[in-house]
Amino acid sequence: MDEIKNRVAAVVVTYNRAEMLRQCLMSLQKQTMPCDILVVDNASTDDTQALVQRAAQHDASIFYRNTGENLGGAGGFNFGMRWAVEAGYAFVWVMDDDCFPEPVALEKLLDADRLLQGEYGWLSSVALWTDGRECRMNRPKIKKNFYDRIELLRDGILLAEQATFVSLFLKAETIRAVGLPVKEFFIWGDDIEYTRRITIREKMPCYVVGQSRVIHAMKNNSGSNLAVDSVERLGRYKLAFRNEAYIYRREGAKGIAYYIAKRGRDFLWVLTRAKDHRLKRLGVLLCGVGKGLAFYPKQERI
(Lines give C-alpha, C1' and ligand atoms only; values in the text may rest on other atoms or scores of the structure.)
Protein backbone atom coordinates (compact mmCIF):
# COMPACT_ATOMS: atom_id res chain seq x y z
CA MET A 1 0.00 0.00 0.00
CA ASP A 2 1.32 3.42 -0.99
CA GLU A 3 1.61 6.34 1.40
CA ILE A 4 -1.84 7.49 2.46
CA LYS A 5 -3.28 10.49 0.59
CA ASN A 6 -6.03 11.61 2.95
CA ARG A 7 -6.73 11.79 6.68
CA VAL A 8 -9.95 9.74 6.41
CA ALA A 9 -10.18 6.07 5.48
CA ALA A 10 -13.57 4.83 4.32
CA VAL A 11 -13.59 1.13 5.20
CA VAL A 12 -16.03 -0.82 3.02
CA VAL A 13 -16.70 -4.48 3.79
CA THR A 14 -18.01 -6.50 0.85
CA TYR A 15 -18.98 -10.04 -0.05
CA ASN A 16 -20.28 -11.18 -3.45
CA ARG A 17 -22.12 -7.95 -4.27
CA ALA A 18 -19.98 -6.41 -6.96
CA GLU A 19 -22.72 -4.20 -8.40
CA MET A 20 -23.62 -2.83 -4.96
CA LEU A 21 -19.95 -2.22 -4.28
CA ARG A 22 -19.55 -0.36 -7.58
CA GLN A 23 -22.31 2.06 -6.57
CA CYS A 24 -20.80 2.46 -3.11
CA LEU A 25 -17.40 3.32 -4.58
CA MET A 26 -18.97 5.85 -6.93
CA SER A 27 -20.74 7.50 -3.98
CA LEU A 28 -17.48 7.73 -2.06
CA GLN A 29 -15.64 9.17 -5.04
CA LYS A 30 -18.24 11.95 -5.25
CA GLN A 31 -17.70 13.14 -1.67
CA THR A 32 -17.08 16.86 -1.28
CA MET A 33 -14.32 16.01 1.20
CA PRO A 34 -11.71 13.47 0.03
CA CYS A 35 -11.11 10.11 1.63
CA ASP A 36 -9.09 7.03 0.86
CA ILE A 37 -11.22 3.93 0.24
CA LEU A 38 -10.13 0.63 1.83
CA VAL A 39 -12.10 -2.28 0.38
CA VAL A 40 -12.18 -5.38 2.57
CA ASP A 41 -13.26 -8.35 0.46
CA ASN A 42 -14.53 -11.31 2.50
CA ALA A 43 -13.24 -13.77 -0.14
CA SER A 44 -15.92 -13.02 -2.74
CA THR A 45 -16.36 -15.53 -5.55
CA ASP A 46 -17.83 -13.05 -8.05
CA ASP A 47 -15.86 -10.38 -9.95
CA THR A 48 -15.41 -8.10 -6.91
CA GLN A 49 -11.62 -8.18 -7.00
CA ALA A 50 -11.45 -7.37 -10.71
CA LEU A 51 -13.91 -4.52 -10.28
CA VAL A 52 -11.91 -2.90 -7.48
CA GLN A 53 -8.61 -3.36 -9.26
CA ARG A 54 -10.00 -1.68 -12.39
CA ALA A 55 -11.28 1.22 -10.28
CA ALA A 56 -7.92 1.52 -8.51
CA GLN A 57 -6.13 1.91 -11.84
CA HIS A 58 -7.96 5.22 -12.30
CA ASP A 59 -8.12 6.33 -8.66
CA ALA A 60 -5.04 6.10 -6.46
CA SER A 61 -7.15 6.53 -3.32
CA ILE A 62 -8.72 3.05 -3.68
CA PHE A 63 -7.03 0.10 -1.98
CA TYR A 64 -8.00 -3.57 -1.85
CA ARG A 65 -7.36 -6.49 0.49
CA ASN A 66 -8.85 -9.97 0.44
CA THR A 67 -9.35 -11.62 3.83
CA GLY A 68 -8.80 -15.08 2.35
CA GLU A 69 -12.01 -16.42 3.90
CA ASN A 70 -15.48 -15.16 4.73
CA LEU A 71 -15.07 -13.55 8.15
CA GLY A 72 -18.61 -12.19 8.18
CA GLY A 73 -19.39 -8.54 8.69
CA ALA A 74 -17.88 -8.55 12.17
CA GLY A 75 -14.60 -10.06 11.04
CA GLY A 76 -14.50 -7.79 8.02
CA PHE A 77 -14.86 -4.62 10.09
CA ASN A 78 -12.30 -5.93 12.58
CA PHE A 79 -9.89 -6.50 9.68
CA GLY A 80 -10.59 -3.16 7.99
CA MET A 81 -10.43 -0.99 11.10
CA ARG A 82 -7.12 -2.55 12.09
CA TRP A 83 -5.83 -1.93 8.56
CA ALA A 84 -6.86 1.74 8.66
CA VAL A 85 -5.44 2.48 12.10
CA GLU A 86 -2.15 0.70 11.45
CA ALA A 87 -1.82 2.56 8.12
CA GLY A 88 -1.88 5.87 10.02
CA TYR A 89 -5.26 7.40 9.19
CA ALA A 90 -6.64 9.97 11.63
CA PHE A 91 -10.29 9.01 11.05
CA VAL A 92 -12.04 5.77 10.11
CA TRP A 93 -15.45 5.79 8.38
CA VAL A 94 -17.02 2.31 8.18
CA MET A 95 -19.87 1.02 6.05
CA ASP A 96 -21.28 -1.98 4.19
CA ASP A 97 -21.12 -2.30 0.42
CA ASP A 98 -24.82 -1.44 0.06
CA CYS A 99 -24.33 1.94 1.74
CA PHE A 100 -24.45 4.92 -0.63
CA PRO A 101 -23.44 8.19 1.11
CA GLU A 102 -24.81 11.49 -0.13
CA PRO A 103 -22.06 13.77 -1.53
CA VAL A 104 -21.80 15.89 1.64
CA ALA A 105 -22.06 12.96 4.10
CA LEU A 106 -18.37 12.99 5.03
CA GLU A 107 -18.17 16.78 5.02
CA LYS A 108 -20.96 16.96 7.60
CA LEU A 109 -19.26 14.36 9.80
CA LEU A 110 -16.05 16.38 9.71
CA ASP A 111 -18.03 19.56 10.48
CA ALA A 112 -19.45 17.80 13.55
CA ASP A 113 -15.95 16.70 14.57
CA ARG A 114 -14.83 20.32 14.53
CA LEU A 115 -17.94 21.60 16.30
CA LEU A 116 -17.51 19.02 19.07
CA GLN A 117 -13.76 19.74 19.18
CA GLY A 118 -13.08 16.01 18.92
CA GLU A 119 -14.85 15.28 22.21
CA TYR A 120 -16.86 12.23 21.20
CA GLY A 121 -16.60 8.45 20.86
CA TRP A 122 -18.34 8.02 17.51
CA LEU A 123 -20.54 9.87 15.05
CA SER A 124 -23.29 8.21 13.04
CA SER A 125 -24.94 9.31 9.83
CA VAL A 126 -28.69 9.03 9.31
CA ALA A 127 -29.47 5.91 7.28
CA LEU A 128 -32.39 6.14 4.87
CA TRP A 129 -33.91 3.39 2.75
CA THR A 130 -34.21 3.61 -1.01
CA ASP A 131 -37.58 5.39 -0.77
CA GLY A 132 -36.13 8.18 1.37
CA ARG A 133 -37.72 7.05 4.63
CA GLU A 134 -35.77 5.77 7.62
CA CYS A 135 -34.00 2.43 7.26
CA ARG A 136 -35.50 0.43 10.11
CA MET A 137 -32.48 -1.84 10.52
CA ASN A 138 -30.29 1.19 11.22
CA ARG A 139 -32.42 3.11 13.67
CA PRO A 140 -30.07 4.59 16.30
CA LYS A 141 -30.95 4.60 19.97
CA ILE A 142 -31.12 8.16 21.28
CA LYS A 143 -29.97 8.83 24.84
CA LYS A 144 -32.78 9.67 27.23
CA ASN A 145 -30.75 12.62 28.49
CA PHE A 146 -30.18 14.02 24.99
CA TYR A 147 -31.30 17.40 26.33
CA ASP A 148 -27.94 17.67 28.13
CA ARG A 149 -26.64 18.92 24.76
CA ILE A 150 -29.88 20.40 23.48
CA GLU A 151 -27.99 23.33 21.93
CA LEU A 152 -26.59 20.94 19.32
CA LEU A 153 -30.03 20.43 17.79
CA ARG A 154 -29.58 23.66 15.83
CA ASP A 155 -26.81 21.83 13.94
CA GLY A 156 -28.80 18.61 13.62
CA ILE A 157 -26.65 16.75 16.16
CA LEU A 158 -28.21 14.52 18.83
CA LEU A 159 -26.73 12.50 21.70
CA ALA A 160 -27.06 8.76 21.02
CA GLU A 161 -26.42 5.48 22.80
CA GLN A 162 -26.02 3.01 19.96
CA ALA A 163 -25.81 2.92 16.18
CA THR A 164 -24.83 0.56 13.37
CA PHE A 165 -21.86 0.18 11.05
CA VAL A 166 -23.82 1.74 8.18
CA SER A 167 -21.79 4.96 8.16
CA LEU A 168 -20.08 5.13 11.54
CA PHE A 169 -17.25 7.65 11.96
CA LEU A 170 -14.50 7.34 14.58
CA LYS A 171 -11.12 8.78 15.42
CA ALA A 172 -8.25 6.32 15.13
CA GLU A 173 -7.26 7.18 18.70
CA THR A 174 -10.68 5.98 19.89
CA ILE A 175 -10.21 2.63 18.18
CA ARG A 176 -6.80 2.29 19.81
CA ALA A 177 -8.34 3.08 23.19
CA VAL A 178 -11.38 0.76 23.09
CA GLY A 179 -10.17 -2.00 20.78
CA LEU A 180 -11.71 -3.59 17.69
CA PRO A 181 -15.13 -5.11 16.99
CA VAL A 182 -15.54 -8.70 18.20
CA LYS A 183 -14.84 -10.76 15.09
CA GLU A 184 -16.36 -13.93 16.62
CA PHE A 185 -19.80 -12.34 16.31
CA PHE A 186 -19.56 -13.06 12.55
CA ILE A 187 -22.82 -11.23 11.75
CA TRP A 188 -25.47 -9.30 13.66
CA GLY A 189 -24.83 -7.38 16.83
CA ASP A 190 -21.17 -6.52 16.28
CA ASP A 191 -21.98 -2.86 15.71
CA ILE A 192 -24.39 -2.72 18.65
CA GLU A 193 -21.76 -4.22 20.95
CA TYR A 194 -19.09 -1.86 19.66
CA THR A 195 -21.09 1.34 19.85
CA ARG A 196 -22.47 0.44 23.29
CA ARG A 197 -18.97 -0.47 24.45
CA ILE A 198 -17.99 3.11 23.72
CA THR A 199 -21.05 4.85 25.15
CA ILE A 200 -22.04 2.60 28.07
CA ARG A 201 -18.79 1.09 29.28
CA GLU A 202 -16.32 3.78 28.24
CA LYS A 203 -18.83 6.58 28.94
CA MET A 204 -17.89 8.62 25.88
CA PRO A 205 -20.52 11.00 24.44
CA CYS A 206 -21.61 9.90 20.97
CA TYR A 207 -23.86 11.52 18.41
CA VAL A 208 -26.11 11.14 15.39
CA VAL A 209 -25.31 13.77 12.76
CA GLY A 210 -28.59 14.59 11.05
CA GLN A 211 -27.06 16.44 8.11
CA SER A 212 -24.92 13.43 7.16
CA ARG A 213 -27.15 11.02 5.27
CA VAL A 214 -26.65 7.72 3.48
CA ILE A 215 -28.91 5.38 1.55
CA HIS A 216 -28.87 1.79 2.79
CA ALA A 217 -30.02 -0.21 -0.22
CA MET A 218 -31.32 -3.26 1.60
CA LYS A 219 -33.62 -5.64 -0.25
CA ASN A 220 -36.53 -4.65 1.98
CA ASN A 221 -37.19 -2.31 4.87
CA SER A 222 -38.99 -4.64 7.25
CA GLY A 223 -36.30 -4.85 9.93
CA SER A 224 -35.66 -8.14 11.70
CA ASN A 225 -38.24 -10.27 13.48
CA LEU A 226 -37.88 -13.98 14.25
CA ALA A 227 -41.64 -14.49 14.13
CA VAL A 228 -42.19 -13.28 10.57
CA ASP A 229 -38.80 -13.45 8.80
CA SER A 230 -38.31 -15.94 5.96
CA VAL A 231 -37.29 -19.43 6.95
CA GLU A 232 -34.08 -19.12 4.90
CA ARG A 233 -32.82 -16.41 7.27
CA LEU A 234 -33.62 -18.12 10.57
CA GLY A 235 -30.08 -19.40 11.10
CA ARG A 236 -28.86 -15.84 11.52
CA TYR A 237 -31.03 -15.40 14.59
CA LYS A 238 -29.01 -18.01 16.46
CA LEU A 239 -26.03 -15.72 16.10
CA ALA A 240 -28.08 -12.65 16.96
CA PHE A 241 -29.41 -14.12 20.21
CA ARG A 242 -26.01 -15.55 21.13
CA ASN A 243 -24.27 -12.24 20.47
CA GLU A 244 -26.83 -10.19 22.37
CA ALA A 245 -26.36 -12.43 25.41
CA TYR A 246 -22.72 -11.35 25.48
CA ILE A 247 -23.58 -7.68 24.91
CA TYR A 248 -26.09 -7.30 27.72
CA ARG A 249 -24.38 -9.67 30.14
CA ARG A 250 -21.51 -7.20 30.24
CA GLU A 251 -23.88 -4.40 31.27
CA GLY A 252 -24.76 -6.01 34.60
CA ALA A 253 -28.15 -6.76 36.13
CA LYS A 254 -29.93 -4.09 34.11
CA GLY A 255 -28.56 -5.47 30.85
CA ILE A 256 -29.41 -9.07 31.77
CA ALA A 257 -32.97 -8.08 32.66
CA TYR A 258 -33.30 -6.28 29.34
CA TYR A 259 -32.04 -9.34 27.43
CA ILE A 260 -34.47 -11.67 29.22
CA ALA A 261 -37.35 -9.30 28.47
CA LYS A 262 -36.40 -9.15 24.76
CA ARG A 263 -36.25 -12.91 24.44
CA GLY A 264 -39.54 -13.29 26.28
CA ARG A 265 -41.10 -10.89 23.80
CA ASP A 266 -39.65 -12.90 20.90
CA PHE A 267 -41.10 -16.09 22.39
CA LEU A 268 -44.56 -14.55 22.62
CA TRP A 269 -44.34 -13.10 19.13
CA VAL A 270 -43.50 -16.50 17.66
CA LEU A 271 -46.49 -18.05 19.44
CA THR A 272 -48.92 -15.33 18.36
CA ARG A 273 -47.59 -14.02 15.02
CA ALA A 274 -45.69 -16.79 13.25
CA LYS A 275 -47.64 -18.22 10.32
CA ASP A 276 -45.29 -21.14 9.65
CA HIS A 277 -42.40 -23.17 11.14
CA ARG A 278 -43.37 -22.17 14.68
CA LEU A 279 -41.45 -25.00 16.35
CA LYS A 280 -38.37 -24.31 14.23
CA ARG A 281 -38.46 -20.63 15.19
CA LEU A 282 -38.75 -21.48 18.88
CA GLY A 283 -35.86 -23.91 18.50
CA VAL A 284 -33.70 -21.18 16.97
CA LEU A 285 -34.56 -18.89 19.88
CA LEU A 286 -33.71 -21.46 22.55
CA CYS A 287 -30.54 -22.55 20.76
CA GLY A 288 -29.29 -18.98 20.43
CA VAL A 289 -29.96 -18.20 24.08
CA GLY A 290 -28.25 -21.43 25.14
CA LYS A 291 -25.17 -20.68 23.06
CA GLY A 292 -25.04 -17.20 24.55
CA LEU A 293 -24.59 -18.58 28.06
CA ALA A 294 -21.18 -19.99 27.11
CA PHE A 295 -20.09 -17.32 24.64
CA TYR A 296 -16.99 -15.45 25.84
CA PRO A 297 -15.17 -14.02 22.79
CA LYS A 298 -12.01 -11.94 23.01
CA GLN A 299 -11.80 -8.21 22.48
CA GLU A 300 -8.73 -7.44 20.39
CA ARG A 301 -6.68 -4.28 20.74
CA ILE A 302 -4.25 -2.70 18.35
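**Contacts, helix packing and salt bridges in a predicted model**

Leaving aside neighbours within four places in sequence, Leu 158 is in contact with Ile 142, Phe 146, Leu 153, Cys 206, Tyr 207 and Val 208. The model is predicted. Leu 158 sits in strand β8. Its relative accessible area is 23%, so Leu 158 is partly exposed; the buried class requires a value under 20%. Glu 102 lies 56 residues from Leu 158 along the chain. The C-alpha atoms of Leu 158 and Glu 102 are separated by 20 Å.

Ile 150 is placed in the loop between β7 (141–142) and β8 (157–162). With a relative accessibility of 42%, Ile 150 counts as partly exposed.

Ser 167 is found between β8 and β9 (168–171). Ser 167 has a positive phi of about 75°, although it is not a glycine. Ser 167 is also buried, because its relative accessible area is 0%. A positive phi is found at Ala 43 too, at about 60°, and this residue is likewise not a glycine. Ala 43 lies in the loop between β2 (36–41) and α2 (48–58).

Helix packing was examined next. Helix α7 spans residues 234–249 and helix α8 spans residues 252–273. Their axes come within 7 Å and cross at roughly 155°. This angle makes α7 roughly antiparallel to α8, since angles over 145 degrees fall in that class. On the α7 side, the contact is made by Phe 241, Glu 244, Ala 245, Tyr 248 and Arg 249. On the α8 side, it is made by Gly 252, Gly 255, Ile 256, Tyr 258, Tyr 259, Lys 262, Arg 263 and Asp 266.

Helix α7 also packs with helix α6 (residues 190–201). The axes of α6 and α7 are 10 Å apart, at an angle of about 5°. The two helices are therefore roughly parallel to each other, as the angle class for this term is under 35 degrees. Helix α6 contributes Ile 192, Glu 193 and Arg 196 to the contact. Helix α7 contributes Tyr 246, Ile 247 and Tyr 248.

Side chains of opposite charge can pair when their charged atoms come close. A search of the whole structure finds 22 salt bridges. One of them joins the side chains of Asp 266 and Arg 265, at 3.4 Å from N to O. Asp 266 is buried, with a relative accessible area of 7%. Arg 265 is partly exposed, with a relative accessible area of 36%. Salt bridges that share partners join Glu 244, Lys 262, Arg 263, Arg 265 and Asp 266 into one network.

Glu 193 has a relative accessible area of 3%, so it counts as buried. Arg 201, at 30% relative accessibility, is partly exposed. Elsewhere, the side chains of Glu 134 and Arg 139 meet in a salt bridge, with an N to O distance of 2.5 Å. Glu 134 is partly exposed, given its relative accessibility of 36%.

Lys 5 is found in the segment before β1 (8–14). At 53% relative accessibility, Lys 5 counts as exposed, because the threshold for that class is over 50%. Leaving aside neighbours within four places in sequence, Lys 5 is in contact with Asp 36, Ala 60 and Ser 61. Gly 292 lies 287 residues from Lys 5 in sequence. In space, Lys 5 and Gly 292 are 43 Å apart, C-alpha to C-alpha.

Notes
Residues numbered from 1 in each chain as written. Predicted model: local features only at pLDDT ≥ 70, side-chain atom pairs only at ≥ 80, totals over all residues. Heavy atoms only, no water. Helix = DSSP H or I, 4+ residues; strand = E, 2+ residues; numbered from the N terminus. Buried < 20%, exposed > 50% of the residue type's maximum accessible area, 1.4 Å probe, protein only. Salt bridge = Lys/Arg side-chain N within 4 Å of Asp/Glu carboxyl O. Axes fitted to C-alpha atoms, helices over the stretch in contact; angles between N-to-C directions. Parallel < 35°, antiparallel > 145°, perpendicular 65-115°, else oblique. Contact = heavy atoms within 4.5 Å.
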